[in-house]
Amino acid sequence: MAPSPRNRIARRLTTAFAALAVAGGVLAAAPAAGASPNPITHPDKDHAGSGLAARSTSDGTVSPMVAGLPGLDVSSHQGNVGWSTVKSNGAKFAYVKATEGTSYQNPYFSQQYTGSYNVGLIRGAYHFATPNTSSGAAQADYFAAHGGGWSRDNQTLPGALDIEYNPYGATCYGLSQSSMKSWIHSFINEYHTKTGRWAVIYTTLDWWTQCTGNNDATFATNSPLWIARYSSSAGTLPYGWSFYTFWQYADSGTFPGDQDTFNGDSTRLLALANNT
């Protein structure tokens with residue numbers, strides 16, 4: 001049976017497009033179903049403050065001009081950490097990168113997370129967000145299932161959402177301010193559902209203003225703020241928060257990784273850990 005006129009036209013179009021692709025390379029192959037629009041290619045380099053460090057002029061000698069408990073945050077970049085030395089140098093708490101997106105787990109997480117626990121530090125896990133690769137809820141689920149859980153054991157802080165400069169492209173991951181706020185709410189709410197805790201939010205004023213509009217006070221209702229600013233003061237805080245809980249003030253110093261301080265004494269740190 002001879003092909004119908006419609007089929008003949010379809011075949012001719014297919015042949016023509018194929019010829020164009022071969023001859024001039026002008027047609028790109030369609031992405032595979034479910035493929036990430038911005039694949040995660042160097043998660044080992046992404047950590048809390050990696051975007052800020054690239055933009056900072058700090059020489060790493062900054063010291064906070066406020067009293068607080070000293071601590072640190074680490075990722076795979078630090079490898080195996082000598083936790084006994086960290087504790088003897090005065091650290092009281094630590095945050096450890098656990099995950100990124102829905103595909104990466106820090107290969108040093110066990111040594112860092114369990115090691116800090118074993119020397120008596122109060123520690124927590126954090127998730128490096130990639131809002132353009134999957135939903136906030138999906139990333140919260142992945143985080144909670146791969147190190148971001150919580151238990152009332154005197155040494156576990158609520159998980160933290162590291163939401164900051166995109167290391168792979170557009171600063172705000174291609175999301176509008178409204179979409180970014182929705183994404184963050186999705187993560188925070190799902191994490192609460194999974195763990196019973198409200199996640200800490202790590203960010204910078206600059207990124208938060210640019211990518212969320214800095215006009216939604218509801219985040220401050222439940223989520224403690226972990227502000228990042230490499231200076232002797234934490235500066236102006238994002239809208240809604242009247243104080244920070246953690247402050248990342250330098251990307252090097254006494255401890256491995258980034259240098260942090262907790263805004264309170266040891267009883268308040270323990271209360272945050274135990275949700276009391």
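**Entry 1, the cores.** I looked up the largest nonpolar core, which holds 46 residues; W83, I163, I184 and F187 touch the most other members. I note here that the model is a predicted one.

I picked out I184 and listed its contacts, leaving out residues up to four places away in sequence. I184 touches L161, I163, I201, W208, T212 and F219.

I stepped back to count elements. The protein chain has nine helices and nine strands. Of its 276 residues, 47% count as buried. I also looked at how far apart in sequence the contacting residues are. Taking contacts with a separation of 6 or more, 69% are between residues 24 or more positions apart.

I went to residues 258-262, which form β9. Is this strand mostly covered or mostly open? It is mostly covered, with five of its five residues buried. I checked which way they point. D258, D260 and F262 point one way, while Q259 and T261 point the other way. Both groups are buried.

Next I looked for the partners of β9. Strand β1, residues 69-74, runs antiparallel to β9, and five bridges join them. In that pairing L72 stands opposite Q259. Strand β8, residues 246-250, also pairs with β9 in the antiparallel sense, over four bridges. There F246 has F262 as its bridge partner.

I found K97 in strand β2, residues 93-100. Is K97 buried or exposed? Its relative accessible area is 1%, so K97 is buried. I wanted to know what its side chain meets. A polar atom of the K97 side chain lies 2.6 Å from the backbone oxygen of D46. The K97 side chain also makes a polar contact with the side chain of E100, at 2.7 Å.

K97 touches P43, D46, V74, S75, Y104, N106, F109, Y126 and F128.

Where is E164 placed? I found it in the loop between β5 (160-162) and α6 (177-195). E164 counts as buried because its relative accessibility is 1%. Leaving aside neighbours within four places in sequence, I listed its contacts. Among them are H47, A48, G49, S50, G51 and L52. F128, T171, Y173, Y202 and W207 are also in contact with E164.

Two names on that list were already in my notes.

I finished with the open space. The largest pocket has about 440 Å³ of space. Its lining has 21 residues, and those closest to the centre are N222, P224, F243, T245 and L272.

Which element gives the most to the lining? It is α9, with three residues. Both α8 (219-222) and α9 (266-274) supply at least two lining residues each.

Technical notes
Residues are numbered from 1 along each chain as its sequence is written. This is a predicted model: local features need pLDDT of at least 70, side-chain atom pairs count only at pLDDT 80 or more; totals for chains, interfaces and linings use all residues. Side-chain values use heavy atoms; hydrogens and water are left out. Buried means under 20% relative accessible area, exposed over 50%, partly exposed in between (1.4 Å probe, protein chains only). Two strands pair if DSSP finds at least two bridges between them. Contact means heavy atoms within 4.5 Å. A polar contact is a pair of N or O atoms within 3.5 Å; within protein, one must be able to donate a hydrogen and the other to accept it, and residues adjacent in sequence count only if both atoms are side-chain atoms. A nonpolar core is a set of buried Ala, Val, Leu, Ile, Met, Phe, Trp, Tyr and Cys residues joined through side-chain atoms within 4.5 Å. On a 1 Å grid over the protein atoms alone, a cavity is a set of points where a 1.4 Å probe fits but cannot get out, and a pocket is an open set with protein on both sides within 12 Å along at least five of seven lines; lining residues have an atom within 4 Å of a point. Grid points are joined across faces, edges and corners, and a volume is the space filled by probe spheres set on the points.
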